[in-house]
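Here is a short report on a protein model, written for a reader who is new to structures. Please keep the sequence and the 3D view open while reading.

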4 protein chains.
Amino acid sequence: MKKAAIIGASGYSGEELVRLLLNHPHAELVAVTSRQYAGQTLAQVFPKFASHPRSETLHFTEPNAELLAKQADVVFLALPHGVAAEHALPLLDAGCIVIDLSADFRLRSAEVYKEFYAHDHPAPDLLDKAVYGLPEIYRDKIKKSVLIASPGCYPTSILLPLIPLLAAKLIQPAGIIADSLSGVSGAGRKAEVDYLFCECNESVRPYGVPKHRHLSEIEEQLSFAAGTVVIIQFTPHLIPVNRGISTTLYLAPEKSANAEKICACYKKAYGSEQFVRLLDGRNLPDTKNVIGTNVIEIAWRLDPRTGRLIVMSAEDNLVKGASGQAVQSMNLVCGFPETSGLV
Amino acid sequence: MKKAAIIGASGYSGEELVRLLLNHPHAELVAVTSRQYAGQTLAQVFPKFASHPRSETLHFTEPNAELLAKQADVVFLALPHGVAAEHALPLLDAGCIVIDLSADFRLRSAEVYKEFYAHDHPAPDLLDKAVYGLPEIYRDKIKKSVLIASPGCYPTSILLPLIPLLAAKLIQPAGIIADSLSGVSGAGRKAEVDYLFCECNESVRPYGVPKHRHLSEIEEQLSFAAGTVVIIQFTPHLIPVNRGISTTLYLAPEKSANAEKICACYKKAYGSEQFVRLLDGRNLPDTKNVIGTNVIEIAWRLDPRTGRLIVMSAEDNLVKGASGQAVQSMNLVCGFPETSGLV
Amino acid sequence: MKKAAIIGASGYSGEELVRLLLNHPHAELVAVTSRQYAGQTLAQVFPKFASHPRSETLHFTEPNAELLAKQADVVFLALPHGVAAEHALPLLDAGCIVIDLSADFRLRSAEVYKEFYAHDHPAPDLLDKAVYGLPEIYRDKIKKSVLIASPGCYPTSILLPLIPLLAAKLIQPAGIIADSLSGVSGAGRKAEVDYLFCECNESVRPYGVPKHRHLSEIEEQLSFAAGTVVIIQFTPHLIPVNRGISTTLYLAPEKSANAEKICACYKKAYGSEQFVRLLDGRNLPDTKNVIGTNVIEIAWRLDPRTGRLIVMSAEDNLVKGASGQAVQSMNLVCGFPETSGLV
Amino acid sequence: MKKAAIIGASGYSGEELVRLLLNHPHAELVAVTSRQYAGQTLAQVFPKFASHPRSETLHFTEPNAELLAKQADVVFLALPHGVAAEHALPLLDAGCIVIDLSADFRLRSAEVYKEFYAHDHPAPDLLDKAVYGLPEIYRDKIKKSVLIASPGCYPTSILLPLIPLLAAKLIQPAGIIADSLSGVSGAGRKAEVDYLFCECNESVRPYGVPKHRHLSEIEEQLSFAAGTVVIIQFTPHLIPVNRGISTTLYLAPEKSANAEKICACYKKAYGSEQFVRLLDGRNLPDTKNVIGTNVIEIAWRLDPRTGRLIVMSAEDNLVKGASGQAVQSMNLVCGFPETSGLV
């Protein structure tokens, strides 16, 4: 058993981490923090957890890295970018494993961070220590790391379908388009008019066009996979569901590519992965089939009319796109079975 | 043509007033105010009105009663309670007709106001001048009034079905229960976590039990109709739709009542009303049949097993429950056909 | 380990049973039937279960009671009323435990069955053998039964709050009103226009007024608890959520009742129940806090203005209102911990 | 005043036509047909129209082209493809103007029709007579036509943004991608499990990949505009809203193109169009701003990082994407103001 803490447990990712850790067979949730709810019990803040035996005894506290470092072996940071990095250093110094769900340690380059996040990186020295927490791609590195930068929700839905194809040189690294549709929880539990029920229900809208922040980590990871600089087109849309991301990728196959090779490539990459579901036959990804799970669905079609390869994915933005994937990384770094607490 | 202004035009009721007045054949919308959006055009604040010819020339301004009094014949107040009353006096003094959508002038008693709204009434001298703006009940008074207190959304859905039955002594005034379900726009365009998409979607919940503020005007009006003090049970629920109120009323028929008399009572009261739809046959009220209209649907069933009379209604909380009804009152007070701009 | 089968596994209750049994620590799902999908694998019919190791090997079959009796120890019937009873007899004769989610064995009286379901009871001799599967009320009987009639979704949301109050004579048995709001899955996976997305979304509507079929089992159970014949008023509404029932009960307290006694009554009845959450403080039931769980939330308010007791509940209609409760009964009858597979 | 009839008035497009024609200042709705509802009044089939004076006197009838030809000047066909064409010939022979909302007359080529619709064209001789009913593009032809093929919902959302750019040679005709998101009413009022509330709510999914039927008319029209054969990529998605299509187009600008020219091109094409709203500033299209209206919103962004032009549109699939556009064509062909009944 490892002891786990969550800094910033009152947002949607934090709440989902609470759910997963309360039911984890090898981890004990020992601390949750929230400036807003400090002093209240878990049951008071989240009535839905009130039936859990720990919900009356676990109190939200003010975030205090030193104190938490004494209580916990693993600390999850579910905080806004910029804020997360400040907590990481004292926790690492105290010997904790840090799993950060913000963008702070996802990039290798402090310059790119500044370009996309509009402020200096708060802890550039730590960037080299961090591993990008995409277990299907960086499993071995994650196992040995103490600072894991858990990927963003959109990036997960884009990178898992693309990396094997790029690495196998089955698609051209130029001209990639990712069109994504996200549920409203992706915007966080923020009291803003734009995310009120009546502003989102019966509404569909693109946003953040053409330069969404998640492009930075997507392109960095795709460039690693392709061995060359990759620039992509990315359009996110907000749609009226609580959870779920549906991504459609428009790709140009390399001349050597064909259906058989694409199929083999995906089977090799993900055939034995527990959390990647390759759809065959006539099925296409549907967010309702992955909600509440750590699974990403992937399907593809070669279009003989256009010559393009269309790859589609579906995931739960709060699970495989955030907290589930973070727990998957915890399982790896702690030596637990990778699916612990996730099935 | 009359000139109309809206103070507080950026909330949901205000926005709906804008929609109705922009398309009104006998009124011209000359001013809209909003502290938050002062300086912006209607098209900027509400892109959905951008195709209207006036949307580029009409600018939101700071609310200024004196200035508005010079511009407008009729002024709608779509403001929080307490704030609305402050604007009414100077507008009335300047000769404007005031139609207030807040609770400030709905009650005859300043004491009851204080009991339910927790502050002294800001303009108790005006209470006598105000008419409760339920046209089907107070049509003649509204025509002669200069201060119209437009009813609340829940009260409208409860009063219209009940008043004829009480007035005809077909139901007992004691023991009335009103169970209401409201769409989220009823909570207003407020940036609060409780009304975020993810907090309301896939959620159903009662609230404000047992003493919701709207009880004050409901009970006052029912008491007038019954000629005796009426105390009712009222339970509102929040449900994930943008618009619509569905109300179910549980009533004890007087011994003299029967199906024929109830039918005749409703036909007499509403048979020639344009905005009350009495359902017959097997139909029951459904909010989707009244959304966007000024119509309230009413159906009833006598239950031979329990002896109770069940009356059900459906309305659009922003139209018949707020802005449409306010325009209906404007039509009356200005001498326009009552359905102008509403069909 | 017990072997379990589901007859009629393609509807919403059946699908939820599949979910629960696939993850049950003491049960193995050995057979699923569906006339429509016979021959297909679980993964083909329900892509969301495709990551489970059994989803490729478990095939839907035609329902065949004799064959299933050889395969399974416990058989769940998730079938329409009338059809379910036909399967029960051969399964019981072959020594299976039968847990029926239809209405066929919920009533003690074949006459009442015929009154509400409009056809003769298909197996009246079995009525005496059946136990009403509400574990919090009939735990000991369920443990010894071989034929369990799992309650309806509305009845569960009404009976659990009412039975302790009636049994303790804290409320009057006359004049009870239950106003319920149900998500659309309650209507089943039926291809009917009334339940299309566009007919339900942005719609709220009462239906089945005033004599819904579920009244029969509600009133029979309430009469047992009260020791006298109980007739209630029940109004169901359809609301646009996938899952969840919110019920509001309007009750007349007996003169001896007060807040302290009501509190004590509920604490005594449910204080140590794992699946009943008594809300205190300011919280009211919210379906989003129980979705996907076997928990029912209950809160109450005494209204000093009307003298009434208002009791509110929230449950997931497919879990505590159907399949979760059925698994809870299986746990009891098989001697497993009552919460197995349900937390 | 012209007399109008609707054959197939019980689906979503038919219902929307009823709504528009009941309120049209220059048209009188004289007949509505539906095999299923023949004999019932408009009020019975659509309670939401019950307040209209004609709703009690207008009865649904069996479709009978000869009879309708005697009653009506203009006949709308809101029928499935293949069926619509059969009704067109007798109506045209009898001198009616026919406005067909099906796919039957949208293509110039009977071969392409067969390729995409999988059956021989039922009336190939009429193809030459038909005009593609996109008023902003074919206004003059529509005015003189007697057979108008009203465009599909997806095509409208794609063609209006693309045609001016292609005609002005500002974008390359090769490599166009259209990614579209549609509300569920686009699937029609069909009693199929796939479109049940619980199957669509909390679900997002692509479908019809890669060869949706609407490609045929999209590509034919784009080819006309470009003066060369255009093949595009098109991916539709189903999202949980009643109405609305949001389309994102990925385009390669020609070398001569720049922001100024694109802006000028759109201003020239649509600057004086009543139903095309070119968004400037920071706004992006949002379906909630066009729901219930005949307006299409268009915005665009040049991406300096990729060199691509991103064009986004939003429309109501049942109004500008179907029935509103059909009425717009009626207005043209009958010599009414083009916006009659549509604002």
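This is a predicted model: local features need pLDDT of at least 70, side-chain atom pairs count only at pLDDT 80 or more; totals for chains, interfaces and linings use all residues.

## A helix across a sheet in chain C

The seven strands of the open sheet in chain C follow the order E3-E2-E1-E4-E5-E7-E6, and their pairing is parallel. At the edges are strand E3 (60-61) and strand E6 (131-132) of chain C, each of which pairs on one side only.

## Strands E1 and E2

In chain C, strand E1 (residues 2-7) and strand E2 (residues 27-33) run parallel and are joined by six bridges. One residue pair can be picked out here: C:Ile6 has C:Val32 in E2(C) as its bridge partner.

Strand E1 (residues 2-7) of chain A runs parallel to E2(A), and six bridges join the two. A:Lys2 stands opposite A:Ala27 in E2(A). Of the seven residues in strand E2 (residues 27-33) of chain A, six are buried, so the strand is largely enclosed by the rest of the structure. Buried here means under 20% relative accessible area.

## Helix H7 in chain B

How far apart should the ends of helix H7 (residues 153-167) of chain B be, at 1.5 Å a residue? The helix has 15 residues and should span 21 Å; its end C-alpha atoms are 21 Å apart, which agrees. The expected span is 1.5 Å times one less than the number of residues.

H7(B) also has a bend of about 35° at B:Leu159, with a proline, B:Pro161, following within four residues. Most of the helix is covered, since 14 of the 15 residues of H7(B) are buried. After H7(B) comes B:Lys169, which has a positive phi, near 55°.

## How chains A and D are related

Chain D can be superposed on chain A by a rotation of 180° with 0.0 Å of shift along the axis, giving an RMSD of 0.0 Å. This is the relation of a two-fold axis.

Which residue of chain D comes closest to the rotation axis? That residue is D:Pro240, whose C-alpha is at 3.4 Å. As for the interface, 100% of the interface residues of chain D are also interface residues in chain A, so the copies meet through the same surface.

How values were computed:
Residues are numbered from 1 along each chain as its sequence is written. Chains are lettered from A and ligands numbered from 1 in the order in which they are written. Side-chain values use heavy atoms; hydrogens and water are left out. Copies are superposed by least squares on the C-alpha atoms of residues with pLDDT of at least 70 in both. Contact means heavy atoms within 4.5 Å. The bend at a residue is the angle between axes fitted to the seven residues ending there and the seven starting there. Buried means under 20% relative accessible area, exposed over 50%, partly exposed in between (1.4 Å probe, protein chains only). Two strands pair if DSSP finds at least two bridges between them.
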